[in-house]
Amino acid sequence: MFRGIVFDLDGTLLDSKLCFDSIRKQLEIPHGKLILEYLEKIPTAQRTIKHKILHEIELNAAKSAPLFPGVATFINALNASGIKLGIFTRNNRQVTEWVVNQYRLPSI
């Protein structure tokens, strides 16, 4: 038996339409570079500004994205069964918490 289930957020629970090439372009990150890893290597002042922009991109995407059909029912059934749930995502915590609260998902 397993102890819990961990879900990704975008494309698994949430039907978000994040386009990583577009995000790289908006943040002036070279094509093919990993966004978060790239941001960690730039000067602090630039990193702070770009993280704020990234936060807004992620939040806007979350606000315009529905959960996939059946997700809320499935998550609530798992929770009612006592199965521990988690989300593992590269989105920032505030956006993830917004999704959980917006869709009244159990604390995962």
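Colleague: Which residue follows helix 1, and is its phi positive or negative?

Modeller: Helix 1 is followed by E28, and the phi of E28 is positive, near 55 degrees. E28 is a residue other than glycine and belongs to the loop between helix 1 and helix 2. Please note that this is a predicted model, in which local features need pLDDT of at least 70 and side-chain atom pairs count only at pLDDT 80 or more, while totals for chains, interfaces and linings use all residues. Residues are numbered from 1 along each chain as its sequence is written, and side-chain values use heavy atoms, with hydrogens and water left out.

Colleague: Why is E28 called exposed?

Modeller: A residue is exposed over 50% relative accessible area, buried under 20%, and partly exposed in between (1.4 Å probe, protein chains only). E28 has a relative accessible area of 65%, so it counts as exposed.

Colleague: What makes R104 count as exposed?

Modeller: R104 has 72% relative accessibility, which is over 50%, and therefore counts as exposed. R104 lies in the segment after helix 5 and has a positive phi of about 50 degrees although it is not a glycine.

Colleague: How many helices and strands does the protein chain have?

Modeller: The protein chain has five helices and two strands. Along the sequence the pattern is β-α-α-α-α-β-α.

Colleague: Which residues of helix 1 are buried, and how do you know where they lie around the axis?

Modeller: In helix 1 the buried residues are I23, R24 and L27. They fall within an arc of 100 degrees, taken from the directions from the helix axis to the C-beta atoms, so they line one face of helix 1. These buried residues pack against helix 2 (35-40) and helix 3.

Colleague: What makes the buried residues of helix 4 lie on the same side?

Modeller: The buried residues of helix 4 (residues 71-80) are V71, I75 and L78. Their arc around the axis is only 60 degrees, which puts them on the same side of helix 4. On the other side, T73 and A80 are exposed. Strand 1 (4-7) and strand 2 (84-87) are included in what covers the buried residues of helix 4.

Colleague: With which residues is I75 in contact, leaving aside its neighbours within four places in sequence?

Modeller: Contact means heavy atoms within 4.5 Å. I75 is in contact with F7, L13, L85, L105 and P106, its neighbours within four places being left aside.

Colleague: How many residues has the largest nonpolar core, and what makes it a core?

Modeller: The largest nonpolar core has 17 residues, and I75 is one of those with the most contacts inside it. A nonpolar core is a set of buried Ala, Val, Leu, Ile, Met, Phe, Trp, Tyr and Cys residues joined through side-chain atoms within 4.5 Å. Apart from this core lies another, of ten residues, among them L18, I42, L54 and I57.

Colleague: Which residues of helix 1 meet helix 3, and at what angle do the axes cross?

Modeller: I23, Q26 and L27 in helix 1 meet K50, I53, L54 and I57 in helix 3. The axes of helix 1 (residues 20-27) and helix 3 (residues 44-63) come within 10 Å and cross at roughly 145 degrees. Axes are lines fitted to C-alpha atoms over the stretch in contact, with angles from 0 to 180 degrees between N-to-C directions.

Terms used:
Helix = DSSP H or I, 4+ residues; strand = E, 2+ residues; numbered from the N terminus.
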